[in-house]
Structures are given as structure tokens and as C-alpha cells.
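Me: I have a structure to go through with you. Please hold each label against its rule.

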Amino acid sequence: MEDNVLVQVQNLKMYFQSESSFSFNKKYIKAVDDVSFELFKGETFGLVGESGCGKSTLGRTILGLYKPNAGKVIFEGEDIVSLKNNRMKDMRKKMQLIFQDPSASLNPRKTIEDILNEPFHIHKVGSKVERKAKIKELMNRVGLSEYHLSRYPHEMSGGQKQRVGIARALTLNPKLIICDEPVSALDVSIQAQVINLLEDLQKEYDLTYLFISHNLSVVHHICNRVGVMYLGKLVETGSHADIYHNTQHPYAKALISAIPNTDPDQQKERILLKGDVPSPANPPSGCRFHTRCPEVTDLCSQAEPLLKEVFPGHFVACHGVE
Amino acid sequence: MLLRIMKNNFLFSIGIIVCSLWIVIALVAPLITPYSYLAQDLAHRFQAPSSLHWFGTDSIGRDVFSRVLMGSRISLIAGLATIILASFVGMIYGGIAGYIGGLTDEIMMRISEMVMAFPGIILAMTIAAALGPSLYNTLLAMAIIWWPNYARVMRSMVIANKENEYVEAAKSLGASHFRIFFNEILPNSVGPVLVLATLDFGNAILLFSGLSFLGLGSPPPTPEWGAMVADGVLNFNYWWIGTFPGLAILTMAVGTNFIGDSLRDFLDPRLRKEL
Amino acid sequence: MGLLKYIARRLFFLVFLVIGVSLVVFVISHSVPSDPVLANLSQRNIDNPEMVEAFKAKWGMDKPLYTQYFIYVGNLVQGDLGTSIRTQRPVLDDLQDYFPATIELAIFSIIIAIIFGMLFGIISAIKRNSAMDQLIRGISVLGVSVPSFWLGLMFLLLFYVHFGIAPGPGRISPYLKPPVEVTNLYVIDALLAGNWSLARDALWHLLLPGLVLGSFTMGLITRTTRSSLLEVMSLDFIRTARAKGLTEKMIIMRHALGNALIPVVTVIGIGFGNLLGGMVLVETIFAWPGIGQYAYKAAGNLDFPAIIGVSILISINYVVINLLVDILYGILDPRVRYH
Amino acid sequence: MSDDIGQDDLLRINNLNVQFRTSEGVFRAVRDVSISVRSGETLGIVGESGSGKSVTALSIMNLVPNPPGETSGEIIFNQQDLRELSAEEVRKIRGNEIAMIFQEPMTSLNPIHTCGKQIMEPLLLHKGFSKKEAKARALELLTMVGIPIPEQRFKEYPHQLSGGMRQRVMIAMALACRPKLLLADEPTTALDVTIQAQIMELLKNLRQEIDSAIIMITHDLGIITEMCDRVVVMYAGQVVESGPLKELIREPLHPYTEGLLRSIPTITREKLRLHTIEGTVPSPFEMPFGCSFQPRCNYSTSICSEKAPDLIHVSPDRAVRCWRQVNELGQD
Amino acid sequence: GVSKDAATKPEGSDGAKQLIMALDPDYETFDPGLAYEVYALLVLHPVYDTLMQFEDNLDAPIDGIAESHEVSKDGLTYTFKLHKGVKFASGNPLSAQDVKWSVERSINLKGNGAFLTDGIKSIETPDPDTVVFNLKEQDASFLTKLTYNAFGVIDSKLAMENGATNAADASTSDKAKLWFDTHSAGSGPYVIESYTPKVEVVLARNKNYWGEAPYYDKVVLKAISDPGTQLMMLEKGDIDIAFNLGPEHVKQIQDKPGIEIKKAQSMTLTFLLMNRDPKIGGPIANPDVQKAIRLALDYQGMQTIAGEGSITPVAPFQVGFLGTLPPRDPKTAQDIEKAKELMKKAGYEKGFKTTLEVATLAVEGMDLPTLAQKIQNDLLQIGIETEIKTSDIMVALDPYRKGTQALSLWYWGPDYPDPNTQLAFLPGNPVGLRANWTAAMNPQLVELGKKAAVEVDKAARVKNLEEIQKMMDEDSAFNVLLQHARHYATRDNIKGTDYIDLYKINLKNVSAK
Ligand SMILES: Nc1ncnc2c1ncn2[C@@H]1O[C@H](COP(=O)(O)OP(=O)(O)OP(=O)(O)O)[C@@H](O)[C@H]1O
Ligand SMILES: Nc1ncnc2c1ncn2[C@@H]1O[C@H](COP(=O)(O)OP(=O)(O)OP(=O)(O)O)[C@@H](O)[C@H]1O
Ligand SMILES: [Mg+2]
Ligand SMILES: [Mg+2]
Ligand code: NI
């Protein structure tokens, strides 16, 4: 395995049971279905796709918050899916999560200081003084003042709360941060502040980001590599350039063409998809995208296309792409 | 907050006034009762209300007014005890069911539903008949009837809070179940349960008086309002014997319900639905 | 399909419920210090060991507890609820005799509660914060706060004794003969028999206990209707309706009320459950020969077959009512219907 | 103010003020807003969350809840001041001549009525259609907004439709009476990217077909760029800048507009560090003295924190609320 | 207020004469072989004829369906001649065989009243009009026992058709109980027309009745448990008899027109049990303390609570029975000074604490717990602090029977109207043992008791009984507090409603004035 791979995801499957446990015929929502990719050290990997396609689930499964039905998540050479409790707890220090909703991700009954102290408590690291120093440092780093420490989350603005969330993720010096739509709940003018902050922190602390978003402009701005998901499947992955400037999969094409453009002179033709995203509980046969695909062929509804490397480092799952 | 609500809400103000009044009465009752609530005077039994006996006298010549005042203590204590007992049990039960979820939750909730389906008053009567009526047994029976409500609310709060991202955050930090439950979920879930408890206070007093009306409360000569109404039914034509303790129950229940009702209006809608 | 499955599940739960309820009463009943033998034998017979033995053998009390329970459940499966120790009649027969009176009263009072509760609730919500609203809220809180046993006493004292405008206790006037038994609901039976004056008399006798019993539920319904209507009125689709140019009245009638009713239905279900609980008190005051009085006597006599019977009946009733409420829910709310 | 804009304006809002009395105090959600829309034109309103966009739109419909809201100013539609009309008269205009599409397709439809019924409602109410006519028109509308198998959807309840479908139903409902003015309050924000594209395409096409003026409210500058002829930028309850789309995008006059445009990542620009507007939107209860944007502004001078600037016209079509422009104009 | 339409009760819908009586009934069955509740005879006496009956007092039973009777010299054989030509309501003729069958069924059913038949050795029917009872031993109260429904004559043919049997295993094989609840098979003036539990029993005229026809076509017994309600209904004229009134209710209607208040001596006693076992009773077990308690109580006050007409017998023998001493004078019975002295003598000058157990129920309209509160109050004067422990009767019965109550308040109704039934209170006898009052504690009294049980000579009986009562006044584990009065009221346009403890009201005799 290459040295610079931080996380390797192999054939990961995460299914949810859709009915209650008393039911006789169980149904599954295949939120993540056979997904493989890797994260390189220090990069920002963007994960895009429509709502419900399994982005968050994938992120959380990688973190070990869900027990996957199949597959491996190899973090620094160790498969965390099979880890025992104690080892897992240690592992958690290396991976953190930043959430979409800054209000929901902070316990409303704790002060910011309590919230930032929590990771130290859980892992029993550092003395009181050390903790305090670290917290102060982080607060400064994310652009908050010390007097914020005694506040409660509801006394802060969305952007500030998101900064607290980021600071909490950084307390234990993680290597990987999974950012689950970290800016989509923020106002446009605040979005830019947070994105810049994330970029600065990455350099400073040598972080690897898995950046989940449905805003393709933001992903374009921040990510080195991108994966496009559709109904639990990864349909295309590649570098920034591969995905945005050499798009192969019809779904990815449509997605990118759908981004509204702020330049009134550069308006381009848009690829419109038919219909809605099918339910993940009942996905279409063959290629899951075939019901909406503008380039659909007979084969598509029968055989499921596999992820193929069409250019070096650029993988696509589509029958129409050679 | 209290004053602000009071300013705009007539009924709430009444509730606060009535309840404070009863609490004060309960605290100082022995000091302000004109007679001992036990003093019998067979020569003056069944006296109609007069300047001597404001609420008249009962079948053994005791002063109804003094007994009504003293009765406030028992009603308040009974209401409080039931609510505390039931909410404590319900909270733990519902919390566990909600947190563990899955089959455990399903089974635990079916059990609590069973208790809810069970005719509470019959259960209470059976328990009281079997163990003998006493304040303790009656409170026990009431708590047994009452806890599933709290379990239900607690469970749904825990389930809702379990989904919160800050819980996920704690999990991703490696917090233990114990820590997650007690540090993250519980503090955010007890609020509504406590609110429900306050709202329920009046109902608990009502149920208690109903049971003591049926003779399932503490033994005489304890001045229990429900039992006094029962005495009034026995001595039907001396209307004052039953009327005044009944009014006492009514005012106390109305007071707490006015407060509860208004508080409910001030709650956020998500909460209101639960209660 | 979904509905049938749901019903099947609830009925499945019923089986557990019956077993659970009977088990609970059984355990309570047989672990208590007092002995039903004493309650049901004369003092002379109690002193006679032979008589006591005969009694115990007759009621199966000589066998170990679990055997007794299995026998009981075995009979239960065949629809046999056992024989009441006190009345010495099959419990099922007793229940058939007492339950209709209770049901008649319960239905009557729930109807009163629904009509007035919803009416008050709607008015109160429309005239939010007006004096009218305050008044209605006051009444509804009064309704849930008044002890039924006391209200019953006051009603009788005032309307029956003092003013003589309401009929006295009982299901019909004492000098009348009950109608021929069909449903055992007197009003309906009298109507079936074409006896109008009897039907009126029976209906008239329902009034006071019905009001007393319904007051709590009425308060509950008023409160729920009001808050639910207010809440619905603040929802987005009401804004949509306004944007369409509908009048306030149309908005309330066509858009708000239907949605507001949904939680009210739940409360009606709860209310009906409460009614059966409150029965014991009201029936005592109004000499109403219903299940409440039966249960009261049974509990006092430790007549366990009867207690279990009543408990099972009321529990089943509770589940069935809830089932009906859920079905009604589906009718009112298409979102539930299709799930 | 904007008097120099012709009498042919379909809608003119003059000095609209909306304030809310809440338990925390009184605050002005909309301050001195003046906007005009011509027939057939699409006007975009952009601004951050809470800047008063929705409240402005709602006050046109006279739908600001009162209490707690209190509205003042003129809203002249078709030469009539809507605020002078009786409630009944306004009601006749609502849904008929002015219609509105809301942001949340999930909650803006009544869950217990079928979609068809809800579309027919304005027709029965305002146009006096018979049930049959209304149904025919409703099906026509459903087809128009691109719903496959309209007969089927007609009978279905909102929850049986996806978000995109529901938004189409909302649009069909709004268009039912062929309104002269359509208010679209963030019609695509709640939708997925590909669905958003569908709806935008639909609105674009309809704009040509139905010939009504549209006020498009959004916080996405991309959508504005694609759809609108003219743009109004709002900040903290005020209009800070307005003008024709291309001019405004190319040459923003207000520092906020400028900052906004530069802080949005786009796929046409490669990895440059994003420009940021420092600080946060002021709380409505603690509006800064003078210009509301002053604490966050890079060009702020002493006058900015002393005196609030007026909205001034730099050209017949463009207006801006900024001391810098006042000074520049003064120098001219 | 009194309503204007009082006493305008409409006649039954078919114009039949109808008597409506409200009571708080306790009957569970109308099977004459099983019924043993207080009100069972109210219903069963007018339905089933018995060999002996009481007319309007309990002095001595008179012939019922027996034309005459004869007792053998040794007092062991009783021969009864039946009235001739008597038919059951069904039309079947009544014969001696029916009498024998009925009594045997009662014996074998082992019901609550079966103990009344305990002394019978055998029954013979030499001819269709003659029944002969052979007893195991002399029984002074046998004729009285014959007035009970356990000896009610059943139409055996009809009963057997409906599942009844007199076989030895009748207690399990007899299936007629449910039938008897809603039907009747007697020869009395009334038949059971219908029975709705908790609602009413309707008696209708027996068209085949052999004796003088009763006045009313129908008698309706309404189950109305609440005395207040009964009172209201009587005032309104909805009912003719309100039977369960407390003394207080009666007072309230004293001046109301159209109502006649009735008062009678009930045979029910209320007494205080004081345990003689020091392990259980502690200080209570001391005879001096027991006597002190007797002296400390305010009988006048208690009689006020129990209502006018209530009295306090000196011993557990009811006034009205043969040989009972005159009751205490309530004005002088209380003597606190003497009681205190006795307490001092017993070594409890400072008093002590104990528990007073009481069942929650009303005795003849008087709430027992209320009386307990009065006693609590009185005992405080001699330093005895009591805590009242109420329990349901079912719960209280157990420790009562086992004799584990230190101090408790109980009531007693005679099993049959004869003083011999009261001998149970003597030391070593069942009730005496409930206070752990053993035979060894007062052998003299035990001796007297034994004599009284078998003595048939009236004068000797009286002397014996008086002796017993005097002794028990001096030394007894029981302190009789009250012999109650029965209060009820009727509309004033009816007569024949006098109280007779056995039947309550002899419905045969009620008629309009
Ligand atoms: N805990 C869960 N239990 C059951 N189903 C779940 C659970 N979490 C997610 N799902 C389902 O799995 C699918 C994928 O959900 P996921 O949250 O991963 O999507 P997403 O791509 O993050 O969408 P979004 O952009 O809306 O956040 C959805 O259909 C969702 O309903
Ligand atoms: N009914 C109301 N009661 C009180 N305040 C209100 C009400 N409606 C709106 N507001 C307040 O008015 C201000 C402007 O709200 P408005 O909805 O117009 O913002 P917006 O620009 O549409 O924002 P968004 O992009 O979030 O929709 C906000 O501060 C909001 O909180
Ligand atoms: Mg997600
Ligand atoms: Mg808005
Ligand atoms: Ni690029």
C-alpha cells in the first residue's frame, strides 16, 4: 500500500433496516452499497451527490459510528471495523467530525468551555492547566475570543458556533476530519470565512479532509479530489480537474451543469435530468441512474456498471464510458 | 419570566395567586386554624356555617374549616410525592427504553402500554384492599398508575435527542454509553418531563382525592379532602360537610391547572405536542 | 394492506395484554395477606374447617398458584372468565349485565364532551386572547379540575333535590320497567320497542351523570382543539391558503379544522379511557349499575375472578378504542393512510 | 425617491416599514424599502438570512401576521394602493392578480387535501369556474408545469409527491388565475441541485409563456444571474443597492454587494483564496449607529458610524445606500 | 325543598298496584339453599314458605306452612303437620317429600347457611302431610332456625327440572343456582319475576297462593346503595320505602310532609375487642386496663353518633332476646376517675400507646371509623393514645379470626334470633378466642355457658343468662358499645312496614292505608 494513503475504504456496505423489529419481512435501505476509495494524507476529498444518496452515512461509517454490513475501513493500515472498544476509543482521537447544523451539534446545556473540555475528559488527557492552555490556543486559532468560553451555544451566531465545532474537532489533534456539509447552513458572507478557516487549519495542522457537500461550487473551491455519489454508489471519482473539467459520468455532467453561475456572460446550456431521485429503499436495477440518464442504453437497466479507471486516477462507473 | 407571563395572562395570575395561597395555608395551617382539627364536640355536631364555625361542623362536631385548612398539607404532599415517584420511575424506564431502542424498546414500551391499558383505579382499589388503605399504599398505587406517562414522554425525548448531532459528536469523540446518556441526553430530556410533572400536579391531587373518597387514603382522623367529601355524601343534607372540602380540591386543582395550561402555551410547539 | 397488518399487530398485542393483565392481578391477588375465603364465607362457616376446605376446593384454591393460573388461562382461551366468588355467577354473565350501563353512559358523555369541547375550542381559538377565550379556557380548566364525585354530589343536591328539575339517580325512573333487553342500552332498547316516553326518561337520566363524567374530557378536548387549531393556523399551508385569497372562515373550515382535528382524535381516545376509570366514582354517586360499581365491590371482596374479568374487559376496551382512534387517524390524515 | 420611474410600473412599494413587537422588544425587520416592478420583468431580491426579503414579499400580499407585525408605507399595484383597500378587496386580488410561491414545498401544501383540489381552489374562488372547468384547467396547469400523468397526480396527496413535484404543484397553483405578478420566495432553496435546475428551467420557460412580472427572492446570486432582469440587494432590512443585473454584477457600488460577489466560490474561478466580509450580520435589536453595514465595511469612514446614508440614485436605474457613493457623486 | 309532585308516583304502566322499596342490598343469590345474606330473607320469606315463621316480633316462632307441630319429651324429635292442599306457584302440589328434599339439598349444598342444619340427624316423611325431624342433641333454638330460608320449601319437581339436586355431592353437582337467581319455585304469596343485579328485584303476586292474598301486585326492590339518594327519592315520592337511612338522615326529614319515620331496635351490636394475650395486646391484655377502658368511654356520645334509639347492653346479649338485662344508663356509665384509678392500679398511670383497628364500613348507617375516632378521643382522657388503623373488612377479618388484634372495633349480628347464638362470646368459644380469652381464664363463666346451651326450661334459661351477663359486666374481653337502632322511612300512605330483624320488613303484610 502506498505510504501516503491515510484511509482506504474497501467495498463498504451500510444498510439500514426500514421497518421496526417486529415486522416479518425486513426491508433494507442500502444507504451505502459497495463503495471503495481512498483518502491521501493532507488532501481534501470532496463527496458530492443529491440528498439521501448516502454521503453522511458513508462519512459516519468511516468514523466507525455505524457498524457496516460489509467491507473494510483501513486507517493507517488498521481495519477499524473490527476494532475492539478500547482500541477504537484510541482510534477516535485521530478522526473527527464537523457537522452541518452548528446549533444541533453543540449541547445547548453546556458552556463552550465545557464543550471543548469534553474530549479531554473522555480520553483523560492533559492536566487542568494544559487543557486550559490548549483550549485558549484553539479559540484564538478559530477566531473566537476567550470571553466566548463562558457562553452557551444559543448566545452565539451560526458562524461562531461552527467555529466552536471546528475547535472541538481539533482538540485531540486528529489526522482526519470529516466535514459533513460544514457551510451549507451558513449565510453566504459567513461561508467564505469558514472555508478560509478550514483551509488555513489544514495547512497548519496537516489535516486530511473528507468534505461532504451538495454545493459543487464550494467543493470545486476546496477539494483536490472529488467523488460523486448516486443512490449509495460512487459513480465517479478523480481529481478536481478530472471531475470538473473532464467529466465522464452522465450524472456528474448533469450535476455540474446545474450549478447556477454568477457570471452573466458565461451562461451555458444545462443538462436537465428527468424525474426525481428514486428511493434508496427500492433502487432501480442495473445502473441505478438509468431511469434518469439522458444517455441510457438497453444494457444500463440490466447490468450494473463497475467503477473503472478510465484515466489514471479517474474512475467512472458507466457502461457508456470506455 | 414569571411576571412577564402574569402580566399578559389573567388565568395564569389567578393560578399563581391561588396556589401560593394554598401553599402558604399549608405552611402555617396549625397557626391559623381556629380549632384543633381533631377536637370533637358532640354537643355541636352538624352545625351550619356560622361566625363560630365558618364552614360548619361535621358528624362528631369537628370544625370543618380547620380540617379543610389542615387538609391542604396532605393534598400537597400526596400530589408532590406521586409526581416525584412516578416521574422518577418513568424517567429511568423511558430513558433506558429510548436509549437502547430496538427490540428492548419495543418490549419495554409494550409493557408500559399494558400498564396504561390497565384500569388504574381498579388496580389502586385492589392494592388498597389487599394491603390495607394507608397513605403509603395509596401513593404507591398512584405512582404505579402514573409512571407510564412519564416513560412515554421521556422515551420520545431521548429518541429525539439521541439523533442530535451533539450526541453524535460525543460518540465520535469516543464517549461511553454511560457518559452519552447521562451527560448529553439526560439533561436535555428531563426538561419536558419536569414540565409534564408540574402540569400533572393538579391531576395527581384529583386522583388522590378520588381514592381517598373511596376510602383508600390514610386512616381517620386525618383530614383528607376526598374522605371529607365522602363524609359529606354520607351526611347528605348537611351540605357544608362535603361542599367545602370539595371546593378546596377544586380550587387547588384549578390553580395548578391554570398555571399548567398557561405554561403549556408558552412552551415551544415541539414540546407541546409531546405533552 | 398496511392497515390490516397494523390491526393484526394490535390484536396480537391484545393477547399479550390479556395474559399480562390476568397475570398481574393473579399475582397481586394471591400474594396478599388476606384471604378471599374469609370475604365470602359466613363467620360460622369460617370456623368450620370442613366448610372452608369445600369452599377452597370448589374455587380451585387448594392447588398451587401456577396451576391455578394455568387453569385460568386454559379456561380463558375457551372464552370462560371463571365464576365470580361473590355473585356466584359466571363473570362473563356479570360483565354482560353491567357493561352496557357503563357503555351507555360513557358514549353519552363522550358525545357531550366532543360537541361542547370542539365548539368551545374552536370559538376560543378564533377569538384568541379575547374575554370569550379567557372564559372558555377558564371553563375548560374547571372541567379538568373538578372532582367528579363532588360535582356529582353538587349536581344532585342542586338540580334534583333543591330545584327538582333533573331526574334522580339510576338509569330510569324507579316506577318504570326497563325495556326488553336487546342491546341493554336502555335508550336504544326503548326506541327499538317504540316506547318513546321510556327512551326520553332514560336519556333524561343520562344527563347529570353524563355531564359529570364528561366534564373532564370536555375540558381536555376544548384545550386540545384550541391549541391544535392555533398551531395549525400558524403553519405554512395556511399562509398558502391566505395567499390564494380565501376568506378566514373558508381557511378555518376547509384548511385548518381538518388538520386540527387530528390530535383531537387522540385526546378523545384518551378521554374515553379516562371515562371508564372515572366510572367508579360517578357510578357510586348516581347509583348507576355499571362496571365501576361491580369492580368496586369485587375489589372490596377480593373477588379475583371478577377483578381479573373487569380488568381484562377495560384493558381490551382501551386497546380497541386506541385502535379505532388510529384508524380514524388514518381517515383524517392521508399521510398515515399510505404508510 | 424613485419617482423618475414611469407610471407603467406594475407594482411600486414606497417607504415600506415593517416592525415586529416581540417579547424581546420591538425591531424593524423592513426599513424604508422602496422597490418597483414593471410588467413582464423579473426582479431579483438577494440578501442574507433575516434581511427582510420574505417580509417584504409578504407585505405585498398583506400577509404579515398582525400582531406581532406592523406595516406602514405604500404598496401601489395597478395604480391602487393595496394598503388603502379593504381586507375584502385585497383578498380578491390575492391569488388572483398577485400570487405567491413559497420556499418550503413540503409544508406549504395542505396535507389533507389532494393536489388537484388545492389547485382548483383559487379558480373556483376568483374565476367562478364550475368544478368541471376548474378540473380541466387544473390538469392543463399540471401539464404546463411538467408533471407527468397529471390525472394521477391530481388525485394524490402532497406527501405522495417528491419535493420537486410539490414545488411544481405550488407553481401550478400560483399560476392558476394567470396572475399579473408572481412572488417567488426562494422557490428552489429546499430542493436538490438537479431538481433545482429543473424548476429554474421551468420558471424561465413559463416567464415567456405567461407574461407576468416576477419577483424572485433568493440568497443565491447564481440564480439571480440566470433569471433576473434587475436586482435589489437587501441588508439588515434595507435596500442597499438596486440596478440592472449585468451592471450590478460587473460593477457593484455597495461594499456589501461587492464583498458578496467576491466571497462566493464559483467553478469559473480557480483556487484563489476567498474574499471574506468580516464580522456577522448585526442583530435586529442592536443595529449599529449610522450605516448598518459600517462595522463590517472596509471603506468605513467616520461619517458612516454617525449618520445613516440614504438610498441615492446614481443613474435613473441604479440606486445605492452608501456614503462612499454620496461622496463620489458629490465630487462629480 | 320539597317538590310539588311528591306522592304522585304513577302506578305501574299496566295499572297494577306496586310497592317500591329502596335498599342497599347485599344478596348475591336467591337460591334458598345458598342465600345467607342480611337481606336474603326480605326477598325469600314472601317467596318460600317455611315450617315456622315470625309474625311481628321475635319472641317465639309460630307455625308457618305447618298447621301444627309437636316436640317429643326428650326434645330430640319434632313432628310437623302440613297445611292441606297447598300448591306451589307452578301448580304442583306441596308435599312432605318437598320439605325433606329441600332441607337435604340445603345440607348437601354446604352453603353459608348450612350450619343451621347441623343438628339434624334424619328427616322422615311418614305421610304426605307429615314431616319428622330427628336431632342429634337437644337444641333450644331449633324452631327458630326453621324460620330460615335454608328450610324454605322448594318445588322439588320444578327445581330438579332446572338442575337442582339433593344428592350428597350437591355442592358440586347442583346446577340450579343461576336458575334460582331469576326464577322461583316456592309457595309463598309472591314469585320472583325478574332480577337485575345491582338494579332491582321484582316480585309478582303468586296467583296460586294458598293463604290470604297480599295487597300489592308487585313489589320492586331497588338497589340504591347511597342513603342520601334513597332519602332524596323518598322525598320526591319516587319510592315508598327508603330502608338504609342513617340516624342523621332521618333527622333531616323529620318535618317533611308525606313521610313517616320508622325506628326499631336492631339486633346488631358494635363492640370493642380487647385481647387477653399480653404478647398481642400488651397493656391492653391487663383486665384492669380493660375495665378502665369500659369506664372511660362516653356512651352517651356514642349513642348520639349511632343515632336515636341506640342503646348499650351490659354484655353481648341483645335487648329483645330472652333474659337480657336492661341496658346501661349512658349518663352514669362513664367514670373517668375510677378508670384512672384502675389504670394506676394496672401500672399504667402515664398511659400507653396502642393501635385501634377498624374495618371501613357502616353498621346500621353508622360509619365505624367515625365511632373509632370518638373512642380515640375518649381513651386519650385516661392516657391511652391510639392510632386508628382502618382496613377493608376483607383484610381485617383475617387477623380478627386469628385473634391477633390488640384492640379493635367490630360488629356482630346474631346468626338466628335466639340468645344462644350469643354464647359464642364466652371464653373458650369462637368469638372469645378471637380475643384469646381462653376457658381457663374464667372457668365459672364457661360452666354457666355450657348449661345455657342445652337448657330448655324458660325460667332456668333466663336465670342462667342473667348470671352470665352480670359476670361479663365485671370481667370480659369485650366491651359492648352499642346495640343499634334501625332507621328507615316510608311514605305515610302505607302500613305494615314495621321492622322485624329477621325479615327486615315482612313484605307479605305491607299494604296501603
Ligand atoms: N439511522 C438511519 N436509519 C435508517 N435510515 C437511515 C439512517 N440514516 C440515514 N438513513 C437513510 O439512508 C439514506 C442515506 O442517508 P444519508 O444521510 O447518508 O444521505 P445524505 O447523502 O447525507 O443526504 P443529505 O444530503 O440529505 O444529508 C437515506 O435514505 C436515509 O433516509
Ligand atoms: N412573524 C414574525 N414574528 C416576528 N419576527 C418575524 C416574523 N416574521 C419575520 N420575522 C423577522 O423579520 C426579520 C426578517 O425576516 P425575513 O423572513 O423577511 O428574512 P429573509 O430575508 O426572508 O430571510 P431568509 O433568507 O432566512 O428567508 C427576521 O429577523 C425575522 O426573524
Ligand atoms: Mg447528510
Ligand atoms: Mg425568507
Ligand atoms: Ni476547476
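Me: What area is buried between chain B and chain C, and what share of it do carbon and sulfur atoms give?

Reply: The area buried between chain B and chain C is about 4100 Å², with 72% given by carbon and sulfur atoms. Buried area is the accessible area (1.4 Å probe) that two parts lose on being put together, summed over both. This is a predicted model, in which local features need pLDDT of at least 70 and side-chain atom pairs count only at pLDDT 80 or more, while totals for chains, interfaces and linings use all residues. Residues are numbered from 1 along each chain as its sequence is written, chains are lettered from A and ligands numbered from 1 in the order in which they are written, and side-chain values use heavy atoms, with hydrogens and water left out.

Me: What makes chains B and C stand out among the eight pairs of chains that touch?

Reply: Chains B and C have the most contacts among those eight pairs. Contact means heavy atoms within 4.5 Å. Here 48 residues of chain B are in contact with 48 residues of chain C. The salt bridge count between chain B and chain C is zero.

Me: How many residues of chain B are in contact with chain E, and what area do the two bury?

Reply: 19 residues of chain B are in contact with 27 residues of chain E. Between them they bury about 1900 Å², 57% of it on carbon and sulfur atoms. Again, zero salt bridges are counted between chain B and chain E.

Me: How far apart are chain A and chain E at their closest C-alpha atoms?

Reply: They lie 44 Å apart, and no contact joins chain A and chain E. Chain D and chain E do not touch either; their nearest C-alpha atoms are 48 Å apart.

Me: Why is the pair A:Arg225 and A:Glu43 called a salt bridge?

Reply: The rule asks for a side-chain nitrogen of Lys or Arg within 4 Å of a carboxyl oxygen of Asp or Glu. The closest N and O atoms of A:Arg225 and A:Glu43 are 2.9 Å apart, so the pair qualifies. The two residues are 182 residues apart: A:Arg225 is in strand β9 of chain A, A:Glu43 in the loop between β2 and β3. Over all chains, the count comes to 61 salt bridges.

Me: Why are α6(B) and α8(B) called roughly antiparallel?

Reply: Helix α6 (residues 135-162) and helix α8 (residues 177-213) of chain B pack at about 150°. Angles under 35 degrees count as roughly parallel, over 145 as roughly antiparallel, 65 to 115 as roughly perpendicular and the rest as oblique. Therefore α6(B) and α8(B) are roughly antiparallel.

How values were computed: Axes fitted to C-alpha atoms, helices over the stretch in contact; angles between N-to-C directions. Helix = DSSP H or I, 4+ residues; strand = E, 2+ residues; numbered from the N terminus.
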